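Subject: Structure handover

Hi,

Here is the structure you will be working with. Please open it first, then read my notes below.

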Amino acid sequence: PSSSLQLRMNGCRPAMDSAMIQFEQLITNRYFLLALIETLEAQKTFNIRDIVNVASLLVVAMAGRMEYLTEILRLLLLRLIDKSVATKHPQLMLRRTESVVEKMLTNWMTLCMYTYLKVGGPVNPPPPSS
């Protein structure tokens with residue numbers, strides 16, 4: 001039984017590889033990515049668990065291209081700021097993870113601080129003061 005499953009999985013592998021390459025090409029298109037996030041967030045059924053999962057997967061997928069990820073975050077944050085300014089309580093922006101960009105920002109900051117956190121402090125600690 002496991003050999004037939006393995007045979008079926010191997011048969012699907014080229015199709016999955018092709019699909020992943022195509023998806024990578026799509027997410028490297030900033031217009032597609034911004035439209036995808038906007039469309040997902042506009043859905044009534046898009047809940048907090050979906051926000052966390054989508055944001056985390058996108059950050060992982062783009063972790064090798066931090067400059068691109070940073071640019072996408074900048075564009076998404078500009079949109080979020082514009083939306084927040086138009087609300088009654090703009091000061092609540094970034095207080096709760098209610099959008100994909102807020103969770104992406106958290107993940108981005110974690111990636112940026114990884115070396116600092118791994119070492120357990122500043123990479124080059126300051127000399128002790130006398």
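Predicted model: local features only at pLDDT ≥ 70, side-chain atom pairs only at ≥ 80, totals over all residues.

What does arginine 30 meet? Its side chain forms a salt bridge with that of glutamate 71, at 3.5 Å from N to O. Arginine 30 lies in helix α2 and glutamate 71 in helix α4, so the pair ties together parts 41 residues apart in sequence. Glutamate 71 is also partly exposed, at 22% relative accessibility.

Glutamate 71 has another partner. Arginine 74 makes a salt bridge with glutamate 71, with 2.9 Å between the closest N and O atoms. These two sit 3 residues apart in helix α4, so about one helical turn separates them. Arginine 74 is partly exposed too, with a relative accessible area of 42%. Together, Arg30, Glu71 and Arg74 form a network of salt bridges.

The count of salt bridges comes to 4. One of them joins the side chains of glutamate 24 and arginine 65, at 3.3 Å from N to O. Glutamate 24 is in helix α1 (residues 2-27), while arginine 65 is in the loop between α3 and α4. That pair is 41 residues apart.

Now the core. The largest nonpolar core has 23 residues. Leu33, Leu58, Met62, Val100 and Met104 have the most contacts inside it. Helices α2, α3, α4 and α5 each give two or more residues to this core. α4 gives the most, with 7 residues.

Take valine 100 as an example. Beyond its neighbours within four places in sequence, valine 100 contacts Ile37, Glu41, Phe46, Ile51, Val54 and Ala55.

Next, look at α3. It has 15 residues and reaches 21 Å from first C-alpha to last, close to the expected 21 Å. Which residues of α3 are buried? They are Ile51, Val54, Ala55, Leu58, Val59 and Met62. Seen down the axis, the buried residues of α3 fall within an arc of 125°, so they line one face of the helix. On the other side of α3, Arg49, Leu57 and Val60 are exposed. At the start of α3, a side-chain oxygen of asparagine 47 comes to within 3.1 Å of the backbone nitrogen of arginine 49.

Last, glutamate 102. It is in helix α5 (residues 100-112). Is glutamate 102 buried or exposed? It is buried, because its relative accessible area is 8% and the cut-off is under 20%. Its side chain makes a polar contact of 2.9 Å with the side chain of serine 99.

Best wishes

How values were computed
Residues numbered from 1 in each chain as written. Heavy atoms only, no water. Helix = DSSP H or I, 4+ residues; strand = E, 2+ residues; numbered from the N terminus. Buried < 20%, exposed > 50% of the residue type's maximum accessible area, 1.4 Å probe, protein only. Polar contact = N/O pair within 3.5 Å; in protein donor to acceptor, adjacent residues only side chain to side chain. Core = buried A, V, L, I, M, F, W, Y, C linked by side-chain atoms within 4.5 Å. Contact = heavy atoms within 4.5 Å. Expected span 1.5 Å × (residues − 1). Arc of directions from axis to C-beta.
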